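Me: I have a chain open here and would like to go through it. Can we start with the terms and then look at the parts?

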Amino acid sequence: QWRKHFIGRPQAPKELPRGKVRREWLKQEALKVCELRGWPVKTDDEAEAVGILDFVLALEAERKAEAA
């Protein structure tokens, strides 16, 4: 779910070979989003962690808005 929120799709394109190629594609997409948003990350793992954090914060904001 977090990937759909952060990079706009839940999975890598099906045309890509399964396994490492798809995983690397997803990581590169997370890096691209961080770069577009001006968020300095050093690794693809950091980019994915930031993506997860962004997703959780969006969920929390939505929950608070619904409670108001």
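Reply: A term first: a residue is called buried when its relative accessible area is under 20%, and exposed when that area is over 50%. Keep in mind that this is a predicted model.

Me: OK. Is Ala 30 buried or exposed?
Reply: Ala 30 has a relative accessible area of 1%, and the cut-off is under 20%, so Ala 30 is buried.

Me: Where does Ala 30 sit, and what does Ala 30 touch?
Reply: Ala 30 is in helix H2. Leaving out residues up to four places away in sequence, Ala 30 touches Phe 6, Ile 7, Ala 47 and Glu 48.

Me: How far apart are Ala 30 and Phe 6?
Reply: In sequence they are 24 residues apart, and in space 7.4 Å, C-alpha to C-alpha.

Me: How much of the chain is buried?
Reply: Buried residues are 26% of the 68 residues.

Me: Now H3. What should its length be, and what does the model give?
Reply: Helix H3 covers residues 44-67, which is 24 residues, and at 1.5 Å a residue they should span 34 Å. The end C-alpha atoms of H3 are 35 Å apart, which agrees.

Me: Which residues of H3 are buried, and what do they pack against?
Reply: The buried ones are Asp 44, Ala 47, Glu 48, Gly 51, Asp 54 and Phe 55. They pack against helix H1 (2-7) and helix H2 (20-36).

Me: How do H2 and H3 cross?
Reply: Their axes come within 8 Å and cross at roughly 70 degrees. Angles of 65 to 115 degrees count as roughly perpendicular, so that is what H2 is to H3. The crossing is left-handed.

Me: Which residues meet there?
Reply: From H2, Glu 24, Leu 26, Lys 27, Ala 30, Leu 31 and Cys 34 meet Asp 44, Asp 45, Ala 47, Glu 48 and Val 50 of H3. Six of the residues in this contact are nonpolar, none polar and five charged.

Me: Last one: where is Lys 42, and is Lys 42 buried or exposed?
Reply: Lys 42 lies in the loop between H2 and H3. Its relative accessibility is 77%, so Lys 42 counts as exposed. The C-alpha atoms of Lys 42 and Glu 24 are 15 Å apart.

How values were computed. Residues numbered from 1 in each chain as written. Predicted model: local features only at pLDDT ≥ 70, side-chain atom pairs only at ≥ 80, totals over all residues. Heavy atoms only, no water. Helix = DSSP H or I, 4+ residues; strand = E, 2+ residues; numbered from the N terminus. Expected span 1.5 Å × (residues − 1). Buried < 20%, exposed > 50% of the residue type's maximum accessible area, 1.4 Å probe, protein only. Contact = heavy atoms within 4.5 Å. Axes fitted to C-alpha atoms, helices over the stretch in contact; angles between N-to-C directions. Parallel < 35°, antiparallel > 145°, perpendicular 65-115°, else oblique. Left-handed = near helix turned anticlockwise from the far one by under 90°. Nonpolar A, V, L, I, M, F, W, Y, C, P; charged D, E, K, R; others polar.
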